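Reader: I'm new to this one. Could you walk me through how to read it?

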Amino acid sequence: MTSILKTPSITLLGFALAMGTSACGSSSRERARGASTQGLTMSVDHLAEALVWESGDPVQVRVAGKWMALSKPIAGVSELRSRGRGGVVRVGETTLWLRGESHVRVGSDAAGKLVVDLIRGEARVRSRKDDSLRVGQEQGPGRDFLLSHRGQRTRSVSTESQPQHALWSMELSRPVEARGIGRLDTKEGEVAVPLELRKLNISVHLDGGMALTEVEHVFYNDSDKVLEGSFRFPAPDGVSVTGLAMEINNRLVEGEFVERMKARQVYEQIVDQMQDPALLEWQQGGWFKLRVFPIEAHSEKRVVLRYQAPLQESLEGYEYRYLATPPEGSQVGLFELRIDDKLVTHKEGLRSAEDVVVPVPASALPRVAAEERKDYSYRALTVDADWWREEYSRMAVANAPVHRRVVLALDSSRSALENRELSLELLGLVLGELEPGDSFALFAHDIAVREAFMGFQPASKANVERALGFYRDLELDGASDLGATMQYAAKLSEGRDDVSVIYIGDGTPSWGLTQSAALHEASEALGKSPLFAAILGRGASTRLWSALTGERGGTIVRPHTGLQAEQMAFFLARAAQLPRLEEAALVPVDGVDIFPDAPRTLFEGESMTVLVRAPQGKMPGSLVLAGRIGKTRLRQSVALDQGVVAAQSVAQRFASMAIARMEDDKAPLEEIVAMSREFGVQSKHTSLLVLESEEAYRQHQIARKEAEEQRLSANAPQVSGGDLDNLGGQEASLSPNNIQPGDPEVRIPAPADARSVVLVFPFGETKIAHFDEEDQTWIARFLISPDTADGQYWVRVHIEHSDGRLEEMRLPYTVDTSAPNVSVKLVKKPGGRVQIQVQELGELRDAIRVEVHMPWGQSERLYAKGDGFFRRLLRTPRGIGSTIAVRVVVTDEALNQRVLELELPIEAQ
Amino acid sequence: MAASTQAIGLAWALLLLASSPAQAQSQALGKSQSKPRVHTSLVEFDACLPLADGRVLAGSAGGLVVIDGNDRMQRVFTQLDDLPGTRIHSLRASSEGVWVGGEAGAALITLRGSALQVKRRIDTSPVRGMWIDERLAGADERPAGEKDIYLATWGQGLLRVHGDAISSVTGADAARPLSQPTLPPATSNAATARVTSVAMHDGALWWTTAGAGLWMQAAGAPVRRDESFSDDAVLWSLSADDTALWVAGEEGLGQAGRGLLASSMHSLRGSANVGGERVAVSFGAGARAWRDAHVDLPELRFVRSIASAQGVSCIGTQDELWIRRKGSWDRAQLQSGAPANDIAALVSDGTRTYLGGFDKGVSVLQGDRFVPVDIDIDPHVNALAIDSQDGALWIATSTGLFRYRESSIDRFTKRSGLPSRHVMSLAALPEGGVLAGTAAGAAIVSGKEIETIGGGHLVTGNVWAVARSADGANWLGTTRGLYRVRGTEVQHLGVVSGELSDDWVMALAIAKDGVFVGTYKGGVVRLRSDGKRIRATALGAGWINPGGLHWDGSILRAATMHGALQGNGVDADWHDLEPGPGIDTTAYLPDGEGATWVATRRGLARYAPSTQP
């Protein structure tokens, strides 16, 4: 049975949507493992002890009926409320985290327990003492709880049972990072000066579990000068960019996905000729960078960025979150956020962080989102393991050991240098989560193994310090022998299910066993010990590690910030106790593409996003989710034909995952670019390019994807469910990169404080680049000798960063000395005119200019119509015969020219 | 526009390289046997070799340098001394002398005092390494004709020279006599053809490649790859000692048969035994002893070579040579003749001669050397011009136009009003100021004012050449042909309209009777107007370098990628002019004293008046 669920409207206040089960089956989140609260009874309606502010944004407290800012320790607090991001407070042995816009009552009950009654928002409360808290009417034992009140009732759960929903609390203990608000910097001399941000408009459209987001920045240049600027935007984690538009001559011009090198080449070619090209490229760490010129004096400049991201799971279903943190010392003139056209947030003069959280109950989302395209059908759905089934629950009662035993395997190979600091931080956090009675073993590995200690050691402060010191003193060098790592870890863990193995490193095997199959086989030595992996850096295959950890009851995380490391450590500390479905995978179906395509571990409380593509008419009615709990193999049916709702973003989500897999498998560049362009999803090999006119796109032979029509019809960019791994977007460019022998220029966007940027050329020469202050790039020129054969060549670039880290990249260029081949014809047109048509032949169509000279002395340039086709209408003088002598000159990107002297008949139309 | 380093294609190149040394020089210099004074920059020391007499030879981008026993420079030899190119990549001692591997092949030389004698020369792709197989046959050394000479070439793979025959070790070609002008396989892009060093060890022949790993051939066995290194490894050198055959490469240091060993150094260019310890050198991380053994080493960064022999060690870096004798390191005292080898522009105001480097900024001749002009400009110089009114030096660079006079400097960029900050060409104007060609059009720059040619509406692409004719018209040579702009009148001449055979215009020279246009591939064309139409006459030559056409009285000189040429501007009769230390000639400039400068991509040479034809 198919039911259609409408997307609910969401209002600013009240969160009026009721919770409830979906019409087509329940989800694990609906099965209450926690308790509901409503107006807890207190014997004493205030705190006797003093409340202290710890971190985050300031919190307001109510004392003796009056509200005041918590600026110093104060007793007698009866209520607290938070603003901005939220804050962290402490009273005695208890820590209370309040998410932004949350409101709690506090007091104590007759038994002397601290009572926390959540009125609105979200909170987490943790006490060092057992059984000293009351947060719900019927709560279980414990000392760490999560509370959520986004609807009509408060839900509370033990943090240990759903640690993934506590990750927001860790942000509050960290310094504010720039989020959600871009800046446009111009230069005055050596100083970067940000322009005033007049408006920041966020428009969100919820579509089948995804948030299609459009972020519009409006900047203002209040100077008398025409400025050039650099726009930078910190993208949230897990987003997929789908569009870019920029205001040019008072018109919003849409960008186009272009192969990365070509985009850079076109940009470089025209940046000095035209005024308004824009090139959006990834930079490292999830920042977008866009060069903008010109910014007219006393004028506004509008930049629109579109991306999509999955809704986040929460205690009460899902939520949409937008965290906007203005750069220090700046403000946003007007900040507005709309979801499905309903205004959610309106703030003027925003100076501090604004954490907009909008709950979306699970019932409000379609069970299965569907999209039909010409040849294929696409489905997206969220799959949970059937934890509501008795057999699952019975088997999944975790034999949670009283004390944890952890084996830590640290990558000490050369490639670990790049992320050394983060590795150290993560190690410290993981060890910090160990409690008295826990123990750990630690070893480092490259092509040999070095143990920090002999066997397991208690997790004492002294041992933790020794462990950190051990890592700090390591000389990171050599290759990575992952097979030997697994074997050594297995020796320590003895294959026991009460020992967790945690790998920290870049995950790339470069010694000994390097093939996936061999590594899988080696990992079997781990037996029942779950394997978790923190993969740092860009190189490792996500698929490989997803499969390795998925088969071993663990999970893979790719942290690239300290916060993510902290969140991972927090989760790891609790994961061993969580019921889980191991080797969870969808059974393949012939002719049907399914993501994810590698087994994983599905912890209770976690769900799996599944994307399916099948030829038209061949979509199966259901899939089978298979997995294992302990030794028992389980299968459950997943319906694809129930609760189906049409959505506009499913194909893109599928494409995003397909692209990620292609990049992992090092598929041909052309295929990746083609898919990126076809579906409008950014990849590592494409950039978004904005040119000032349609003619400019034609001139540079960039086919338009009718982005404007798509956008208008879709009301938002399209969706991708995939999480693009850190693209490490230090992209270099070479201009021109399709060249004749000559002197091209290489630009490397390495940091200004890099120690050196060295280029090794395929003709054997090595050059040191120099830093151009104005362009903020490293530049080197080189010469290509005229006897260089046609073909593709690679320049190796070595960047030595200021911290000693080495980065290598390769930059291709093509030497082309072949002139294009064309066919030419003349076609008679009405009105005494003739149309000359020139078609470039062959697979490589790189002609950029076609000129003709007619026998009556007229020389003209033909119009490029795309795909190597050029034409122009010409008026012919009277008396012209049926055959015309024409000179045709065709020039390609590398400035090769073909000159044809032809006698052409005038063909009938 | 890069130096053509191989004997291919054009007739005059073969004449220069394939002839015997004496003949080559006499052809180049006309009838004189005098040699010019050569100015090169002694940088990029790719090789060094201590000699038995205490001297040290060093191969640099500026020639072969001879250092005496006191670490002082004695002489520099270049292509003009019949070496196989000015840029020297490798050195190998043999019983008959020293083999020198350069960018145009290999040569066996001897040094008698300060005189160089080239005993034998083999023209190939750049030779990055050599091995002379002088293994004993019985009790005697093999006679000269029976020696095998292995050349590690960049582009032609590993070559074996036996007697007069040359063959490819890596290919199936039969041995070819050296006398045949056709060389073994044409330059290949394949990584296997980029051989960087060669050595014999334990009876087998080993060679490294840049991108295809390590290869070997044992006696009587087929060629095979050493699988202990990856098949795409970029390896730079081999060095044998009693323990192993050491392999230095991008990923670190290894040994043949054992693969890459743990190393914390990257981009290793070589290794050698110094003071009994293995020392590796890196382009970026200096020199370090293997396994942290204690060896006293200088603090360096960009190192290109290391060698030890005769109890002496030497290290070549990006711009220095270090020598270790008796346990301590000293820097060799070198004196470069110019700050740059790749010279993009040369100009003289009669009293001062300025040189613009491709990526080394501006320098001025002081005494007998060029010294850098200490100004803060982009080092990528494209053109120079002297202001006809105030004598200021105008400098066209990749990131702006600069006007330098008496230690003050003005900068003009797009913000100032130039069509583009990438300035490619200059022409001094009679009224002062310059006509500047940029990547997006041309402009007249005088003082602080800028007037764009064509009012900003002229879309030209890169303007590689500019000139002003007597009628006040501005001529712009671009990649889209030639533009004549006079006021608002714009005329375009190019391939489509039949005046040119190549739209890529690199140089312009205005004469009374016409405009002479030098193009990239289509040679020189003379354009004359008869009042009604423009007539073009092709004058031949080709591969004109930017700004490479000048009238000197009644002589038209062309600086081309294959040398300097002289013509009459009437027909296609061109003659070679004096050569420089490189073939790719960028400027030919008579100075105020009757001498002539020939600037190339490998340095410059000054010919005294008596040597001119």
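Reader: How many of the 15 residues of α10(A) are buried?

Author: Twelve of the 15 are buried, so α10(A) is largely enclosed by the rest of the structure. Among the buried ones are V650(A), F654(A), I659(A) and M662(A). Mind that this is a predicted model, where local features need pLDDT of at least 70, side-chain atom pairs count only at pLDDT 80 or more, and totals for chains, interfaces and linings use all residues. Residues are numbered from 1 along each chain as its sequence is written, with chains lettered from A and ligands numbered from 1 in the order in which they are written.

Reader: What span does helix α10 of chain A reach?

Author: Helices are DSSP runs of H or I, at least four residues, and strands are runs of E, at least two, numbered from the N terminus. The expected span is 1.5 Å times one less than the number of residues. Helix α10 of chain A, residues 650–664, reaches 21 Å from first C-alpha to last, close to the 21 Å expected. Just after α10(A), K666(A) has a positive phi of about 55°.

Reader: What pLDDT does chain A average?

Author: pLDDT is the predictor's confidence in each residue, from 0 to 100. Chain A averages 80, and 85% of its residues score at least 70. Over residues 1–37 of chain A, though, pLDDT is below 50.

Reader: And how many helices and strands does chain B have?

Author: Chain B has two helices and 56 strands. Of its 613 residues, 54% are buried.

Key. Buried ≥ 20, exposed ≤ 12 C-beta atoms within 10 Å, placed from the backbone. Contact = placed C-beta atoms within 7 Å.
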